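Subject: Structure handover

Hello,

Here is the structure I said I would pass on. Please open it alongside this message and follow the notes below it.

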Amino acid sequence: MTRHVWSDPDSFVKAPAMAAAVLRSLDLPRIDRYLDEIAGRGGVDLDALRRLSANTLVAMSGPAHLQTRRVIAPFFSQSGLSPWRALMEQACDSACTELRHAGDPDLVRDFTIPLFLKVMPRILGLDLPPDDDYFRAAETAQRLTEPYLSVPTLKALNTAASLLVATCPAAGDGEGAEPETLLGYLRRRRDDLPDFLEPEYFVVGLLVGSNSATQSLAFALYGLLSGPADLWAEAGKPGWGARHTQEILGLYQSTRTLVRVASEATEVAGCPYRQGESAVVDIVAANSRLRASQGTRQSHMSFGSGAHKCPGVFLSEMLIETALPALARSFPDIVLKTDECRFVVTPMMQAPTALPCDIDKRSRRVSARLCDIRDMASAHRVLRDNEAFAPPPMESHLALLSQASGEDLGDATRIARNALFFMDGPRHEALKQALMRFLGTAQLPLWQGVVDGALDETLRALSAVASPDLVSGYSDPLRKSTMMRILGISSRDPHRFDAIAPHLQDVLEPWLSMRNLRRVQAVFAEALSLMEVPVASDGPPSLLEALVAEAPDGFDEADLKAVVLVLYGASFNLSHTLSNALLWILSLPPEERAAAGDPAWVEANIDELVARCSGPKFIYRVARADLTLSEMAMKAGDTARLNIRVLNRQTPGGNGHVSFGKGLHRCVGAALSVMVLKRAIPSLLQTFPDMALVTQAHRYHPMSETVALSTLPCVFRRTEHQDD
């Protein structure tokens, strides 16, 4: 048996009944025997890891295993753990305080890890310093249950085991204190334990295993905060923990799979297993099917089943039940920076390693000339009060910059004076009216056929891909084919234009450095040189054709090409938003995900989808005069940066979101973008109803202004085996 046991997910055991039978009937892989084999080759000192392994429940079987579980059962019972509830509550309050004072808050680094270090060592009886090195040692040693590790990894585990065991207090130290720790309890009942068992190593083994509860807590935070705001609001209400802990453990358990091995030829629920043959139980799929079959979200098998069911069930439940409501009450306005979240994924587990966030909605000054706007009242004033706030005056800024530096910024200036989000006054109003006559809601029926044709073509191409990616294979090509046709993007060198087109979206960021300004200008200059007015074709004329035929006052053909080019650069936000929405939907439990294939569901939830998943992070406005905003004194020329993610979190059901702006500068492409989203989401899910994401394989572009996925791998179908 090798690591190849995980190579075929289609063969995993997914049906709950079969999964339970496998977990009850087959044995765990014995890492102690594997370590003996490694040691037998000579030259590798794994003594600490060998002793740690031998003193885990995983390595025990028969009478010794049963004897040990009977001894520890009273300690890990609900009544046995109840004396520790006060510590758990105090530790949650303390961890919340640390999070509140974190300079750049992260829910893993500043909450779940400190909470682990405050709670788990104390209950188990270790004098573990609240130091990152010791947590990393526990995290490393947690891989003890993963079979077939490499020798370098085993050496790292051995070092971690040595460090952790050294934190066990000497016999007699601290014993007699209340509540009694597990180590003290085991030493007191030493005569009831198997002769070979070393309490210190046994306790360390439970410590590293308890990190899975902390990882599940972090995973639950990611899940709850990735969803609608009302999920998090509910978590802070009285009694929520008691009502929802089982649901949370079933949906967000960090364990992905459990491995079992047939120590001899046997049959499990009618399925034969040869000696040495392995079975991988898919816990995520089993939980999903259990929820479906029993009609309740309280059902799960996240802690395994049978003789080796996790002994820390009630400890995990107490952690989730206490920590989530405490955090939700202390920080009702937390917003994840989703594109900066990071996960660790192995064949057996998944868990966040970083959950950067904003912890409140208080607007604040972040630099001498920049204010971050996070409260909705201030945001509405900024967006709607055109007398007090203007779009960034990029045209005048570039003129001054060119004069001061001696740089020729003519192309950049042309782009700025023809970009709606930098325009103001009569010229802006004339252009917006012309664009809304073409892109407004009343015109959408003209383009429905174009969108549907692009969808059909994109879905056909996607179905033929061996390793599908929903960014490169769906969102991007759909946006490209739709927007090029509607906007009238025609180029004398399409290949080159496509290569530079992604850089067009950089124009959305104001106040670029000179170096980046030169780069953006070069891209736009080249793109403009490649553009041509498209030849008339069947169907309605494109935007560029219509604008050239009836140009607004003050716009020549070069200006109109610049207008369309800027709109095409902005259209990348459509593919970003679509990709973000697909990630969110496909991360939902299957019973919720299925509804998204219904156009009526998308129609009903489109505001929430846009609010939660929109690509842009910020909207910029500049104060026209000295004023006060949200108790902040702003001087003329100061920039108000509207934090879209934080603001949208304050919109129940997405109603009133600011993803498209408000007032005079509301996005002219909003209606078209929404129409595409409404058709693209259900079309994909109807075409591929068995689609699933490759676990935590998505990646983001490192963009300061946009939440933009660079890849979203998926699979379309997984054949089910061993389901009966």
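Predicted model: local features only at pLDDT ≥ 70, side-chain atom pairs only at ≥ 80, totals over all residues.

Helix contacts

Two packed helices are described by the angle between their axes and the distance between the axes. On the α3 side the contact is made by Ala48, Arg51 and Leu52, and on the α11 side by Tyr201, Val204 and Gly205. By class, these are four nonpolar residues, one polar and one charged.

The other pair is α18, residues 410–417, with α25, residues 557–570. Here the angle is about 75°, again with the axes 8 Å apart, which makes α18 roughly perpendicular to α25. Arg414, Ile415 and Arg417 of α18 meet Ala558, Asp559, Ala562 and Val566 of α25. This contact has four nonpolar and three charged residues, and no polar ones.

Salt bridges

The structure holds 39 salt bridges.

Arg274 is bridged to Glu277, with 3.8 Å between the closest N and O atoms. Arg274 is exposed, at a relative accessible area of 60%, whereas Glu277 is partly exposed, at 23%.

Asp360 and Arg374 also form a salt bridge, at 3.8 Å from N to O. Asp360 sits in the loop between β8 (357–358) and β9 (364–367), and Arg374 in the loop between β10 (370–373) and α16 (376–384), 14 residues apart. Arg374 has 9% relative accessibility and so counts as buried, the cut-off being under 20%.

The side chains of Glu532 and Arg492 meet at 3.9 Å, N to O, in a salt bridge. Glu532 is in the loop between α23 (514–530) and α24 (543–549), while Arg492 is in the loop between α21 (471–487) and α22 (494–500), so this pair ties together parts that are 40 residues apart in sequence. Glu532 is partly exposed, at 29% relative accessibility, and Arg492 is exposed, with a relative accessible area of 51%.

There is also a network, in which salt bridges that share partners join Asp358, Asp360, Arg364, Asp372, Arg374 and Arg641.

Regards

Definitions and conventions: Residues numbered from 1 in each chain as written. Heavy atoms only, no water. Contact = heavy atoms within 4.5 Å. Helix = DSSP H or I, 4+ residues; strand = E, 2+ residues; numbered from the N terminus. Nonpolar A, V, L, I, M, F, W, Y, C, P; charged D, E, K, R; others polar. Axes fitted to C-alpha atoms, helices over the stretch in contact; angles between N-to-C directions. Parallel < 35°, antiparallel > 145°, perpendicular 65-115°, else oblique. Salt bridge = Lys/Arg side-chain N within 4 Å of Asp/Glu carboxyl O. Buried < 20%, exposed > 50% of the residue type's maximum accessible area, 1.4 Å probe, protein only.
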